[in-house]
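Subject: A structure for you to look at

Hello,

Here is the structure I promised to pass on. Please have a look at it first, and then read my notes below.

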Amino acid sequence: MFSLANKVAIITGASRGIGKVIAKVFANAKAHVVCVARTEDAIKSLAEEINSNGGSASFQACDISDGEAFSSLITGTAKEQGRLDVLVNNAGVTQD
């Protein structure tokens with residue numbers, strides 16, 4: 001396993017699928033994980049699960065298709081956590 005000790009990572013699309021797994025893997029590698037998705041419920045429960053299993057996580061609802069909101073999220077996280085080391089842009093937008 002690799003170590004992300006003392007690193008801060010934002011994971012977009014963390015409410016399900018690959019993003020959720022990435023968040024758990026990063027937390028197991030000792031990173032503080034900021035779980036991001038459009039709706040708060042799923043990422044709140046993921047952050048609670050990570051924290052209850054000894055990891056470190058927070059959550060932030062954000063629609064990443066809103067550039068200003070996403071920029072604010074990144075700036076706010078860096079300010080709140082004192083740094084930002086990793087950004088995983090996992091969230092996707094599709095048009096059927």
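A word on terms before anything else: a residue is called buried when its relative accessible area is under 20%, exposed when it is over 50%, and partly exposed in between, using a 1.4 Å probe and protein chains only. This is a predicted model, so local features need a pLDDT of at least 70 and side-chain atom pairs count only at pLDDT 80 or more, while totals for chains, interfaces and linings use all residues. Residues are numbered from 1 along each chain as its sequence is written, and side-chain values use heavy atoms, with hydrogens and water left out.

The overall picture

The protein has three helices and four strands, arranged along the sequence as β-α-β-α-β-α-β. (Helices are DSSP runs of H or I with at least four residues, strands are runs of E with at least two, and both are numbered from the N terminus.) Its radius of gyration is 12 Å, close to the 12 Å that the globule rule gives for 96 residues, so the protein is as compact as a globular protein of that length. That radius is taken over C-alpha atoms, and the rule is 2.2 Å times the number of residues to the power 0.38. Of the 96 residues, 33% are buried.

Strand β1 covers residues 8–12, and five of its five residues are buried. In a regular strand the side chains alternate between the two faces of the sheet. Here Val8, Ile10 and Thr12 point one way, while Ala9 and Ile11 point the other way. Which strands pair with β1? One is β2 (residues 32–37), parallel to β1 and joined to it over five bridges; pairing requires that DSSP finds at least two bridges between the strands. In this pair, Ala9 stands opposite Val33. Between β1 and β2 the chain passes through helix α1 (residues 17–28), making a right-handed β-α-β crossover. Right-handed means that, with the strands pointing away from the viewer, the path from the first strand over the helix to the second runs clockwise. The other partner is β4 (residues 86–88), also parallel to β1 and linked to it by three bridges, with Ile11 opposite Val88.

The cores

A nonpolar core is a set of buried Ala, Val, Leu, Ile, Met, Phe, Trp, Tyr and Cys residues joined through side-chain atoms within 4.5 Å. The largest has 19 residues, and Ile11, Ala23, Phe26, Val33, Cys35 and Ile50 touch the most other members. β1, α1, β2 and α2 (40–52) each give two or more residues to this core. A second, separate core of seven residues includes Ile10, Cys62, Phe70 and Leu73.

Ala23 sits in helix α1 and has a relative accessible area of 0%. Leaving out residues up to four places away in sequence, Ala23 touches Ile11, Val33, Cys35, Leu46 and Ile50, where contact means heavy atoms within 4.5 Å.

The cysteines

How many disulfides does the structure hold? A search of the whole structure finds zero; the test is a pair of cysteine sulfur atoms within 2.5 Å. The sulfur of Cys35 has its closest cysteine sulfur in Cys62, 14 Å away, which is too far for a bond. Cys35 counts as buried because its relative accessibility is 0%, and Cys62 is buried too, at 8%.

Best wishes
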